[in-house]
Every structure is written in C-alpha cells, then in structure tokens.
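Thanks for coming. Please have a look at it first.

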Protein chains: 2
Amino acid sequence: MPLFDTHRALLEGALDALATRGHWTPFPESPSPKVYGETGQADGQAAVNALLGKDFALQQPGEQGRLATERSPYGVALDVRYPDCDVQALVEAAQAAEPAWQALGAQGRVGVLLEALVRIHRRSHEIAHAVMLTTGQGPMMAFQAGGPHAQDRALEAIAYAWKAMADVPGQALWDKPQGKSPSLVMQKHYEIVGRGIALVVGCATFPTWNTYPGLFAALATGNPVIVKPHPNAVLPAAISVNILREVLAEQGLDPNTVTLALSPRPESTQALATHSAVASIDFTGSNQFGRWLIDNARQARVYAEMAGVNTVIIESTDQYAALLRNLAFTLSLYSGQMCTTTQNILVPRGGITTDEGHKSFEQVGADLAAAVTELASNPRVATSVLGAVGSPETVARMQQAAGKGRLVLASRALPHPEFANAQIHTPVIVALEQADSAIYSEECFGPVSYLVATDSGAASLQVAEATLRAHGALTLGVYSTDRAYIDAAIALGRRTRVALSINLTQGVFVNQSASFSDYHATGGNPAANASYTNLAFVADRFVIVQRREHVAAAPAAA
Amino acid sequence: MPLFDTHRALLEGALDALATRGHWTPFPESPSPKVYGETGQADGQAAVNALLGKDFALQQPGEQGRLATERSPYGVALDVRYPDCDVQALVEAAQAAEPAWQALGAQGRVGVLLEALVRIHRRSHEIAHAVMLTTGQGPMMAFQAGGPHAQDRALEAIAYAWKAMADVPGQALWDKPQGKSPSLVMQKHYEIVGRGIALVVGCATFPTWNTYPGLFAALATGNPVIVKPHPNAVLPAAISVNILREVLAEQGLDPNTVTLALSPRPESTQALATHSAVASIDFTGSNQFGRWLIDNARQARVYAEMAGVNTVIIESTDQYAALLRNLAFTLSLYSGQMCTTTQNILVPRGGITTDEGHKSFEQVGADLAAAVTELASNPRVATSVLGAVGSPETVARMQQAAGKGRLVLASRALPHPEFANAQIHTPVIVALEQADSAIYSEECFGPVSYLVATDSGAASLQVAEATLRAHGALTLGVYSTDRAYIDAAIALGRRTRVALSINLTQGVFVNQSASFSDYHATGGNPAANASYTNLAFVADRFVIVQRREHVAAAPAAA
C-alpha cells in the first residue's frame, strides 16, 4: 500500500486532531503566495479561464451529448460543456468498478483517496476560482471554504471512515475450550463490504465543502460514487472528480469508481436516486427535495443536510459594539446564502442591558442596521464579503421579505468594481412581532433576517424552542451576561439538538464551523439527519461480511 | 461513577475481546452448579413458578388493568398478569426520565447498565426457565441462549456504545493563531445526547437474546426505552426490565427510564411505533411487521432483524457422516425456529462426491433424514434439542409444507416425558426441483427444510445468489472439497452480503453465532438492516450537541 504509507502522517494527524478537537489543519487557509506559490492564484484563474467555452475533458460511459448548465452570479459567461451521460450506463459502470475497489481494502482505498486529496489541495486556487464563478462567493471565501476548508472536511471523512473500518479486525482465531476434549478452533475472516453505489448530490452554494464529506466517506468505505452536482455549480465538482479519476487510473483502478452525472432533467435525477442499485445518497439542499429523497429513495440510506431556521437570541451583553460587528458580518457573509446564516434574531420588546446602557428594541435594530451598512460602505470589503447572489429567486425573496414587517434595513444593489453584471445586494433586516411566527418560522433563504420582538428574555427561549423543534436549525447563538440564562440556552440546545455559540464577539462567527473541532449539524433536528463528521456519518456505509471454517481436523460433531 | 469503576474490568475485557474477536465470555455457558450454585437451577425454577398465576410486581404509570397473554408451548399454565399501561402515559414517563438519564453521562449510564447486567446474570436460571416456558426452547438452549449468550450480546452492545461515545471528547480548547494578533481561543463542550425514546420490540422465540442488544445499546447512548415484548414471551423481558428498574431506583434515577409496554392490541403497538416522540425502534420478527415499521414509523430509525432464506450449499465433502450429523442438528435445534436455521439445502441432481463414495441426490436426502431420525430417536436428547413448537401456525405450516414436494422426512409428534401437553414435532424435509423457486424462495418458518435438486454445483451457486439477493439470509453454509468452489461461495457471500460458514462438521453449527466473535446478520441484505453488533448499531443512536464560547477577553471582531 505505497500511497497509504506516503500519506500515513497526514491520516494520523487528522486522527489525533479529531480525538482532541483543538485547532488543526494540514491545509493552510491563507491563500498566501508563500504557501500556494507566487503565481498560484494567477495560475489557478488561468486554468479555469482555459476551460470556459469548451468541452470539459471528462470521458465517461453512456455520453449522450454535451451540456452547459451554469450561469455565473458574477455575470461571467462560463459555457463549460459537460458530458450528459445515460444514468443506467453510469450505474452499470459503477457496478463494474465496485469489486476491484472493494478488494483494494481499507488501506488501499484510503491511500488512493489521500493522494487525490493532496492533489486537490495543490489545485486549491483553480478550484477556488471555479467555486467563486459558479456560486457567487467572494474570492476569499471561495478560496477558504471551497479549498482548504473543504479539503479539511474531506480529510475528516476519510479519517472517520478509517477509524470505523479499523475497528473491524481482518481475521481472528477462535479457540473455544471443550473441557477435556480438544478445543473447537475456527479461522474467521471479516471483510468490509460497501453497501453499493453511493449518490452524492451537491448544492449550488458549496459545491466542494458539502460534496466532499459524502464523496470521500462513501469511497473510503468501499462504495463507488456517482456525483450529481447542482446544475449551476458543476465545475468545482467536475475538477475534483477528474482528479480522483486520474489517480484511480494511475493506480490501475477503474476510473468509473467515481463519475459525474450532470442529470439536468429532474426525472433523471429521480430515476437515479430511486435506482435499486443506489444504496446511499448524500444530499445538501432544499427541504423539499431532501424530503422527497427520504420519502422516495427508500432503498437507500439518505444523509441529508437541508435547511432550518437559524436563530440568535440576544438577552444582554457586555460587548455591545463587538456583538453588532460580529452579527453584521454573519448576516453579510456570502449574502446570507450559507445554510448556517442566522435568520431570526430574538430581542425582548423592552430592549436589552448592555455595556453601553439600556438599548431599546428599536435601537438594537438601528444599531445592527448601521453595523451592516458600515461593513458594506467600503466597496472593496463589501463585494469581498457579500459575494454575489446566486439566483434570481433569492433576489425576489429579498424583495418580498421587505414587505413582511417593519423594514429595519433595506437592501441596496451595489456595483462590482470588476464584474459589471454581478448581482450584489446588501442584506435586508425586517422587524417582526413574536406573534408573527407564521413568517419567521419559515426558512427564507438568502440575505434576509428577522428581528423579532419577544415578550421577554424568557419568551425568546420559548420562541426559539418552538421554532427549532418544528423546523430545526444548523446554528443557534445566544448573547447574555447572565450565566443562568446561558445555562437555559445550553439546555435548550440540548433539548432541540442544535449546536450553540455563546457570546461571539471576536473573529469567530455563528455561521462558521471549523473542521476537526466543530461538528457541523447535529443530525438530530429537522434541518439535517447527519453530521459532518462523526462515526454515525461513516459507520453504516459498509457492512461486515464474515466467513468461518475449522482450521484443524477434530472429532466430528456429537 | 462508582458503578463504572466496579465494572471497569468487565467493560475492558469486552472491548479487548471485540477488538480481537477470539473466543471470550465473562458469562459461562455451562449451567454448572459450580458456577451457578448448587441450588441455582432449582431456585430459578422455583422463582418462576412463584410468579405463575399472579400479578407481576411491576408498577408503571398509566396502568389500565392487568393482562395475561402467554400460552406455553409446553402446555404449562402461566397466567402471569402484567400491567396493561396506556401508551401515552409510558411515553410521557420516558420523556420525564430522559434528562436525568442523559445528564448522567456515558460513564454513569454504562456503570448502571453493567450493574444491571451482572444482576441479570445472577438470575440466569430464573430467566432461562421463563424463556423455556414461554418460547418452547429446550432447557439447555433456554439457559444458554436466554441466559449467558444473551448477556454476552448485551455486553457487546454496551461495549460498542461505550466505544462510540468515547470517540467524542467531552471538551476541547480551540486555539487558532492569528499571525501577530492574539490567538482566537474558544472553549468547546461536546455532549452526547440520545435521539429520544427507543422502542424495543421483542420476538416470540428469543425474548432476551434479541431484545438485549437494542435495549442496552439504546440505554447506554442516553435514550429511555420502552420494551414491547411479544405477547407470548413477556416474562423474560419483564424480569429483565424489573432488574433494570431496581438498579435505576437504587441509584436515585427514574425507574421509568425503562418500561414494559404489554401493548396487546396491534393498534396500540402501531400508535406507539409511529409516535412522534419515538426516535428509534429495534425490531425482531416477521418481514411483514418489519416492513410495516420501516414504511410507517418514518420518524424513527428502525433496526430490523427479520427473516431471510437461509441456505446451505452441498457440493462435495470429505466428511460425509460428520456433515450429516452437523446438518441434522442444525435442522433439529429448537425445531428450526431460529432465524438462522437453514431452510434450503442445495444439492446437485447428479449427486455429490464424498469420502464414502458418490452419493446420489436421493441418497443424500435419505441419509440426512436418517441422521435427523437418529437424533430424534433418543427421547431425552430429542426433547432437549427440539424443544416445543411455539405456535399452532407453525404446526400448520409444517403440514402444508409436507405436500409441496417429495416428502423425504415426515414429521412425527413426540411425547414429552415431563410435559404432557407439550407440542413436540420432528423436522420435515421436502425434496424440490431447481425450478420450484416459487416454493423455496419463500421463507417457511419452523422445522421445514427443502432439499433442492439443482442442475449442478455451479447452478447451486446461481440459485443461492438469486434467492439471497431477493430475500436475504442470516446464514449461508457451503460444503466442498474444491477450494475454487469455496472461493466462489466466498465471493457469493460478499456480493449478497451474507455471512458464510465453510465445511462445518464439528461442534459449531451454521445457525449459531458466538458473541464477541461472530457478527449476527450483516445488515446488508433483505433479512436485516442492522447487525449484532458493530459500530453502525450504536453510532447513530445519539447525536453530539456542542457549544462554544470565548475563554478570554480579546480584541473585538474587525
């Protein structure tokens, strides 16, 4: 297993980090020329630009034609033409690839995957630029979340898969004493066998960060994978799949162990998801399609990350200005298009106590609006933080949301210094009443936040609990100087199974999740049924098939 | 955690055994007076007899009355009256018990459960007698499978749960360098939180062996449990639940962390299974109800062990007599009422090569029939091995099966020296043709085996593959002197995800599964979606709820 040995230190570093969960990464998040090369960024951008308007170099079975499906939120013409392959041909190719991939064993597979991951890492700038152009993320976020942070999540998945597989010994000698008779002795073998074809369905916003965990977890545990990216964010997935196929081919393995399904027609995605050979589905996206998968792809284990109603509770603070800056950044980052972005901000109608004195509900809203406005006032910072809005539906949702309550902060369209047709919009903040739960308990994807006036700090906890129980969440934040109140929020997080961030006032944001330390989603509320990454995310992706036989002739059965 | 420390060596022994998977048990399977006390057996039987005809001493919320539902296959009047509790009251009691059980933490819970398990162990003879009377098992099997072997499976579940929970550190200090600025430092806590109420549905045949894994796995991972035994095998579960409740109460915990739901009406079981508060269901029983649960209890994770079509392939042998004795014992043990008992025996129509010369298909049938008959000819051995047939439906199925092909061995009703009304029936063997797949691909629960004449050894593999793919199996056996044929059977087991036993001719039987060494069911074929026991059986029974906060004042966010 030469590749396993090559990357053993990387794996062991990840295993150590996951056991201790302090800060760790082998993939630096700074796009520094010292790390990624003096010409790294320019080379990456050039590599992507060279792909535009052409057939993407991916040869797969069952190609029926070529299709370009991507529309850049930056207004850049992409026109990369991907193979549109017959779903049944991809399934059969995956089935043909399966036995050799399984026979390679855990060490062999992990070695191949770590090699591919290291190559993906070397191409971080290229993948980042593909992420930026397809998703609308700002360049720094596209680099970090699309590059090293996504690679971290991939490495986590590989490491957990390794841990779960290493729990199963390859063989055992079973020697059972029989009193004065000779022992019963059996040789037993235990094989890790993947469940079958894994389908990994990507989303429009994080085409690597949300795709890699399922992709690498499924592959590591012995399953061939079909990656079905979102039609608007194919390129980052296609580059990643190509790298995997390249490493597979070099190792004499079947590149069809991983394929890309463009699947532009809903009916072909549905056919693929419900195919009897598809044993697992990793999905990130809307509750609507997530529920459809759970309800209809009954032959498969579905790992779904959907959407919830992320909430921040503000009861009091001793760092008012820092609270506002922190929250303003959260609301602005990638124009609120993260599955972890706060939607509901619960503030008592009577206001809050702060280090700057009492602040009325209205004042909190005005100050938060000012903080967002200030952040957006520097065009360079604004465009970098906000990125572009991915879809016209999101722009429409912003416009509708503005009319749902008292407008605290109106959205403004901003010009982009570089991309004339980019869709840049500052966030909307709308004030609601506690009674408006029909509005705020529904997810409103995009840069829309509701500042909800609650009856009291205690009422905020109740509102949050009702919303989280019914709709779930990926993130929950609380601001309070009262330890008893924080303890109540901790208990709330435990009951509703939502991760909690307490008094974030520094450079950590409620919508950010650090690999090797933060579990992303608990998997225990309606927003997601699985977590990045824990043992449950990997342990059921394979089964253990044992065999046993006597090792020595012994007296026959009585 | 005094109980954890008390039982630490037991847990560590189990963890070591599971990692190496050789023979190991802390619970001796021999009912020897030296181990279980000179009066152990008599005391156990007396304890059970003292329960008969009375109200069972179990006080639970929502009692609506008392019910006796058990009918002994040995014809013994049982009439133990159990509380019939309102399902909603049991759910609410479990919810009330949940927070304290979770707050106890992994060590606390594991300590309590190991203490209860050790007490269950001390009452092995009592539980064994309850198992025997309710299920019809022979006394030795009732002791072993109902006592120490079931306790082994419980310990496995606790140990795996411990392993999965120990993978999550309680807390971490996350310290992220920020170049020349002060580090970002956060204290993070990670809590194990059970998914919610676990329902454990028992079966009529193995009321402890098949109930303990889910019961102890769910409890260990922080979930309150409602045990719903089969109406005909309540007593062993009731005694076990009572012991758990006793230990809980002693520890100042809520005994309603574990309750017994008699639930004699199908509609109340269905209401319980689909209750929104029920987060997981462990089920052993028919495919029909298992599928119903999977299709209808959509709010819960379902761990289902159902039935498949267990198969033995006979291609050739160099130990013909031992093969026959081994197989005859398998078919006879507990009158074929094990979920692991062989149903289809595939033999080439042209016969097989053996160490006693060529044997025609007919001869193999005659010799197997003779081996079964010989085993049953000793009344003491026969009744001990066969036990009693649990239900009139099974007797009817035997009678119908006899007419489905050429009768190779007819069933005989045997008298029992001790129990005049016991239902004792020797196994039926029916010869079929390969073309009769409509008959042999359907599970026929009970002492019915089909000897299927296949076109060839290669055809046997094909028949087995087709049957196992469509219906699954818990066990697969192969007899061959040809290593290439065995390799083909190994590949078949891998493809169909069924455990394989090769050339069993000694005191190990295809229908037996040794804890700490054999994985029972792979969870990868239609017969079962989970395995006793691996990480997948425990890892998704809890979620990890984290919280994070800054530990030191630092410059506010930029």
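Between chain B and chain A there are 46 residue pairs in polar contact, with both residues at pLDDT 80 or more. A polar contact here is a pair of N or O atoms within 3.5 Å; within protein, one must be able to donate a hydrogen and the other to accept it, and residues adjacent in sequence count only if both atoms are side-chain atoms.

This is a predicted model, in which local features need pLDDT of at least 70 and side-chain atom pairs count only at pLDDT 80 or more, while totals for chains, interfaces and linings use all residues. Residues are numbered from 1 along each chain as its sequence is written, chains are lettered from A and ligands numbered from 1 in the order in which they are written, and side-chain values use heavy atoms, with hydrogens and water left out.

On the side of chain B that touches chain A, the largest share, eight residues, comes from strand β21, residues 542–550. Helices (H or I, at least four residues) and strands (E, at least two) are DSSP runs, numbered from the N terminus. That side of chain B has 40 nonpolar, 22 polar and 22 charged residues. Nonpolar means Ala, Val, Leu, Ile, Met, Phe, Trp, Tyr, Cys and Pro; charged means Asp, Glu, Lys and Arg; the others, Gly among them, are polar.

How many salt bridges are there between chain B and chain A? The count is 16, where a salt bridge is a side-chain nitrogen of Lys or Arg within 4 Å of a carboxyl oxygen of Asp or Glu. One of them joins D518(B) to K188(A), at 2.8 Å from N to O.

Strands cross the boundary too. Strand β20 of chain A, residues 500–502, runs parallel to β21(B), with three bridges joining them. Two strands pair if DSSP finds at least two bridges between them. Within this pairing, I502(A) stands opposite E549(B).

Now the sheet in chain B. Five strands form an open sheet with parallel pairing, in the order β7-β6-β5-β8-β9. Its edge strands, β7 (258–260) and β9 (301–305) of chain B, each pair on one side only. Five bridges link β8(B), residues 278–284, to β9(B) in the parallel sense. One bridge partner of this kind is R301(B) in β9(B), for S280(B).
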